[in-house]
Amino acid sequence: MSADLRPGAEALESPKPVTGASEVASHWKAIGSAIGQTQAAQHSSVPAESWTGAAADAASAEIQALGGKLSGLSGQFATPASALTTWEARNSQGIKTVEGLQTQWDDAIAAYKKTISEINARAATDKEYNPASDLQAAESTLASAQAPLKKSYDDEIHQLSDAANTAATEIQKTSNDTIPADVVKGGRAAVGAELFGKDMPIADGAAEWDYARTKAPQLRDDLEKAANSDKPLTEAEVKKLQEKWGDKLQNPYWVQALADSYRDKHGKDANFSDMLNRLTVNAAGSSNLPAGEGETRNSFVNSIGNAMVLATGGSDASKDGIATSAEYAQVKAGLRGHDGKTTIEQIEHANIESFKSTGDKVYDRQRGDSSLDGYQIFTQATGFAGVKNPDLTFGKGVYEGGADSLAGKIVEYDQKHPSMNAMNPGAGVDLASIVHSTDADDKAWKLSHDPLQSLFQLSDTPERIADGSAPSALQNAEGTRLMHLRDFLNSNTSFDVDLPEGREDGKITFARYLAGNRHADDVDLLGNIDGGEALGDMLNDASNPKTADVPEPPASDKTAHKIWENDRLTRAAIAANTMAGYQDGLDYSHSAILSDPDHIKGEDVFGHKNWALRSWMGSIISPYVDDLASEMHNSTGEGSMEASSAPGEGHSGHMQFGRDIVTRFKQEGGLLQDLAFDQPELESDGGTKKNLLDDTYKRGRMPALQAVQVAAYTGYMGDVYDGLQNPDYHVRMQKIQGANSRWTELIMRLSTRMRTRVPRLVRRLTRPIGGHVKLLILLSTRERTMQPVKCPLVGRLLKRQRKLQRGRPLITFSRRITSLRAGNLIRRWKLNRMILCKMA
């Protein structure tokens, strides 16, 4: 390098001192120490003791969780503080090193200048002296002295840079490990949401809501712009909206914040539903799309459908949504809208009312495509979302109000517009659809065109909640939703129904209407696209007496409290009306001149088209088989076709039927006979060919008739067992005869009426019944002290009865017959006459 005459301070610029670094590091340490000294951090493992109850438990758990987070957070400050202090010390050391190099640099220049001065003085006095070589030597000496100094300087600066990078990396890593950088960009609310996490639902829920409300105006403006477009959105525009907001439209906090923001901008009476409907139409585009474009549009329509469901207060119990939905269910009662007063429940109610207000509004589309009513848009979008995500459910508000509820209005819309039914060959679903038929969405596309499919699909209990694995907050929310669903199903339609012959036309319960009277007089519109699978699932969930009761609502909420008081009766009433409705469906007559449209190879057309609903009937009837047996033996209703319920033993409800409807159940073409046509495909026999109870079927349910038979035999033998336990002869006799009287007709009807339908299953079903009853009556006359050892037959029977008490099944099935083990023993009775005679 050439000699550099610049002073050292200029040639070797000194690093700037880090002003305030030690102060910042001390401040960080102080913050960490202060956080660590808070009561929450100090006592993170100690539960609060002065407050008790469910609310206390939740708050106590959250305080402990906060303590753990604060303890961890307090420790996070030490690392960056130490890194900052270390860097400051290294920088100070570097400054001193550079200052030393600068001094040496200046000394070298001073020596050079001195040498130059001496050379110049000699040249001035000695005319023969040539200074060129000495000047060159002096410059070379200076350059040689400066070169190592410059190298040392460069090395020091590089080391200081590395030290700064190391400190910055440690600080940034600690920061990102605590709160990621992209979250920090979202502001204070986003940081709070990230910091608290799902293990602090109360704090995290508040932070999530605050963050959603902060960003909701951006979401609102983007969606409004798309909804207000006077032409369909391009595929690129739809894709951009989906990428930017698709996940937010599947988050309950964001959906309610969007609705709240929309009303904040346009007034409290602004129609949120209208904006969503117009957005959906523009996002769906034309029915005639280029190849591959349907997937893009369907994806965003699915997100809008999710938003519509969540707007009603719905839940998402899927793997990706269950944590957020559970947290939302737990904290939403404490959240408020933009005005600080409006509750989430009020926002949900306003959303539901807006969906009702636009239900009959017509939305025009491009030329060539059919216009759509608001209810069509709502049911297609939500139905599509429900099929794509089976763990999605409506909120309870959808069912509140009976016939005036959103659910009731959708049913009424469907009843008024039978041409909209997707079972109708002329419905023109391609032109009147916001969902496009694609390979990935073919099933969802078909199901979304039934106006009631969304109601059925989004009203059953998700598997993750049904199996009890969901958080308690979500379990309670689902229980409350089911309670209001039951109240809706047990309320009457707003319209009169033309019932089959022998029944009085008029308003009937929604359960009865949906089970068998929806468009049932038109064979072309009969049934459901999925065969009644979603409908049966919903009715089974609603009627199931084994589902846990929900916590008692506050007495101040008189409506909810009344529904809660009647909930057990309502379940039984839904089961009864489902059975009655199914029988209605079987009894409709579809006249034809040259054919028999009522039967397909001997099978009633109603059951044939509702094959999945028929399968569910076994599950719906089985828990109430005791009631059915009692009603068949001695109907508590008058001679009518009515179905209802009455208080049963304990806290249960008891199905009640008019004598005429019970008679129809038993007759040719009745409910019990139709069940025999349910013959699902066997998936596995469990490795035991003679035991049908361990068989599994592809639909997950045993044949409907078999399910009812199992329940009937189990109930019968339970009554018998109870009778045999009584030490008093007369009471034993009375109980055994009572069991015989109560159950015989049902068991006989489940068998003898079915022989022509499923002969392989029931051909020999009733052979043992008569002898079985005689044996049980005989046993009831003996003392309880009789020795089974002396009577092998009786010993076997009593032994099996004792197994019943321990919960073991008393019944076994073979593939060719269905019979009681006790019945098999009775056949041995003929070989043991001498033993029985001696007993008598």
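Reply: A charge is taken to sit over a ring if NZ of Lys or CZ of Arg is within 6 Å of the ring centre and within 35 degrees of the ring normal. In this predicted model, the charged end of R701 sits over the ring of W616, at 4.0 Å from its centre, and K248 lies over the face of W254, 5.2 Å from the ring centre. W254 also belongs to an aromatic cluster, which it forms with Y211 and W245.

Turning to the pairs, a pair of aromatic rings is described by the distance of the centres and the angle of the planes. The count of aromatic pairs comes to twelve. One of them is formed by F355 and F378, a tilted pair with 4.7 Å from centre to centre and 45 degrees between the planes. This pair links distant parts of the chain, since F355 belongs to helix α15 (residues 344-357) and F378 to helix α16 (residues 374-388), 23 residues apart. Both F355 and F378 are buried.

Y399 and F488 have ring centres 6.4 Å apart and planes at 40 degrees, so this pair is tilted. Here, too, distant parts of the chain are linked: Y399 is in the loop between β4 (392-393) and α17 (406-416), whereas F488 is in helix α21 (residues 472-489), 89 residues apart. Both Y399 and F488 are buried.

As for confidence, the protein averages a pLDDT of 80, and 78% of the residues score at least 70, but pLDDT is below 50 over residues 800-840 and stays under 50 over residues 38-56.

Definitions and conventions:
Residues are numbered from 1 along each chain as its sequence is written. This is a predicted model: local features need pLDDT of at least 70, side-chain atom pairs count only at pLDDT 80 or more; totals for chains, interfaces and linings use all residues. Side-chain values use heavy atoms; hydrogens and water are left out. pLDDT is the predictor's confidence in each residue, from 0 to 100. Contact means heavy atoms within 4.5 Å. Rings of Phe, Tyr and Trp (its six-membered ring) pair if their centres lie within 6.5 Å; planes under 30 degrees apart count as stacked, over 60 as edge-to-face and the rest as tilted. Helices (H or I, at least four residues) and strands (E, at least two) are DSSP runs, numbered from the N terminus. Buried means under 20% relative accessible area, exposed over 50%, partly exposed in between (1.4 Å probe, protein chains only).
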